[in-house]
Amino acid sequence: MTKERVFNFSAGPSMLPLEVLQKAGSEITNYKGSGMSVMEMSHRSKVFMDLFDETKADLKRLLDVPDNYHILFLQGGASLQFAMAPMNLMTATGKADYAITGNFSNLAYKEGKKFGVCNVAATTAPANHTYIPAQSELKLDKDASYFYYCANNTIYGTEWKYIPETGSVPIVCDMSSNMMSKPVDVSKYGIIFAGAQKNMAPAGVTLVIVRDDLLGREMPTTPIMMSYKTMVDKDSMHNTPPCYNIYMLGLVLKWLDSLGGLKSMEKIKAEKAKLLYDFLAESSLFKSPVRPDSRSDMNVPFVTGDEALDKRFVKEAEAAGLVNLAGHRTVGGMRASIYNAMPIEGVKALVEFMKDFEVKNK
Ligand SMILES: *Cc1c(COP(=O)(O)O)cnc(C)c1O
């Protein structure tokens, strides 16, 4: 017997809403009477352009994106943005500030250093990235070309609960793992980017939101594919965009809409995270390594303190249909990624399983 569906706690690529998969399945050979799949159609065709424009409009409305911002659907993942942001913005003063709060912001910092002077505004590395620095802990340079941070640290399970105050310095933010989990004040940012495969769509499309006044500053050596201005001028279609992924993103946005948008999602995700964190607080076996004020509502790491027991937990959970609970290979332990598409039933099933495991392994 094969399993119909499991509760998939993967950090990414991760679960998609069942309704979205079913809708995509129903349209796989014939999208809206076109007689073809979205995978097969020209990106210049009217049927695709309608889909593209609607997806952009839905995103703009759901996230309340101001008119002086552009929405781009790019390729290369969030990782390409680690280079694209500096190549486009470093020209202002030749230096930038980075807050290093985990693996991905560190990778961005290393990439940024190829294009200018990158100052460490804060680093939580000495504390193994178990917390988010407060505003007062950020060493900010008022002449920085931009300030960079990662809103949710997928591997370490920490999340910024505030938007840093940087004066006139534009903020570049990696929101790959908490994008569309709550409302965001886009007007506070210069650039927001997010790889889709954590909380929005299959891997292959990267959402970028860029403020209008930051366009046209790229270094002369910037490849044309990496110029925000080119991509804005060409409406993300300097070359063929990731058509099918944009379609999937569109379906996810409709699903978000049907739940009541981002305010509703914020309540739902907070409720799911609370279930898990409340249990961790009372558990005598499992604990969270993250400082309570910095805990992520999307990625929840936990440990027993005994590596062999952690391994057994992951194995037994998998047999019970709770899969991909192993922590990132660099940190070990467990991690439950509970993105938008994880139903509350999945989190309840996990907590029940943990309770049971605890009793049996006292
Ligand atoms: C997964 C992830 C990335 C890397 O994304 P790619 O699309 O694989 O390049 C970057 N930042 C964060 C926060 C992530 O979770």
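User: Why is Asp235 called partly exposed in this predicted model?

Analyst: Let's set the value against the cut-offs. Asp235 has a relative accessible area of 25%. Buried means under 20% and exposed means over 50%, so a residue with 25% falls in between and Asp235 is called partly exposed.

User: Where is Asp235, and what is noted about its phi?

Analyst: Asp235 sits in the loop between α5 (228-233) and α6 (243-258). Its phi is positive, about 50°, although Asp235 is not a glycine.

User: What makes Asn128 partly exposed?

Analyst: Asn128 has a relative accessible area of 47%. Exposed would need over 50% and buried would need under 20%, so Asn128 counts as partly exposed. You will find Asn128 in the loop between β4 (117-123) and β5 (147-150). Asn128 also has a positive phi, about 55°, although it is not a glycine.

User: How do you know whether Thr55 is buried or exposed?

Analyst: The relative accessible area of Thr55 is 4%. Because buried means under 20%, Thr55 is buried. Thr55 belongs to helix α2 (residues 46-63).

User: What makes the pair Thr55 and Leu51 a polar contact?

Analyst: A polar atom of the Thr55 side chain lies 2.8 Å from the backbone oxygen of Leu51. The cut-off for a pair of N or O atoms is 3.5 Å, so the 2.8 Å between Thr55 and Leu51 is within it.

User: And Thr91: which class does it get, and why?

Analyst: Thr91 has 38% relative accessibility. With buried under 20% and exposed over 50%, Thr91 therefore counts as partly exposed. Thr91 is in the loop between α3 and β3 (95-100). From C-alpha to C-alpha, Thr91 is 46 Å from Glu27 in space, and the two are 64 residues apart in sequence.

User: Which residues come nearest to the ligand?

Analyst: There are 13 residues around the ligand, and Ser79, Thr154, Asp174, Gln197 and Lys198 come nearest. Helix α3 (residues 77-89) gives the largest share of this shell, four residues. Sorted by class, the shell has four nonpolar, seven polar and two charged residues.

User: What is the volume of the largest cavity, and which residues line it?

Analyst: The largest cavity has a volume of about 40 Å³. The count comes to one cavity of 30 Å³ or more. Among the lining residues are Asn8, Ser10, Tyr339 and Met342.

User: What makes up the lining of the largest cavity by class?

Analyst: The lining has five nonpolar, four polar and no charged residues.

User: Which peptide bond is cis?

Analyst: The bond from Gly12 to Pro13 is cis, with omega near -10°. Pro13 is in the loop between β1 (7-8) and α1 (18-26).

Notes:
Residues are numbered from 1 along each chain as its sequence is written. This is a predicted model: local features need pLDDT of at least 70, side-chain atom pairs count only at pLDDT 80 or more; totals for chains, interfaces and linings use all residues. Side-chain values use heavy atoms; hydrogens and water are left out. Helices (H or I, at least four residues) and strands (E, at least two) are DSSP runs, numbered from the N terminus. Buried means under 20% relative accessible area, exposed over 50%, partly exposed in between (1.4 Å probe, protein chains only). On a 1 Å grid over the protein atoms alone, a cavity is a set of points where a 1.4 Å probe fits but cannot get out, and a pocket is an open set with protein on both sides within 12 Å along at least five of seven lines; lining residues have an atom within 4 Å of a point. Grid points are joined across faces, edges and corners, and a volume is the space filled by probe spheres set on the points. Ala, Val, Leu, Ile, Met, Phe, Trp, Tyr, Cys and Pro count as nonpolar, Asp, Glu, Lys and Arg as charged, and the others, Gly among them, as polar. A residue is near a molecule or strand if one of its heavy atoms lies within 4 Å of it. A polar contact is a pair of N or O atoms within 3.5 Å; within protein, one must be able to donate a hydrogen and the other to accept it, and residues adjacent in sequence count only if both atoms are side-chain atoms.
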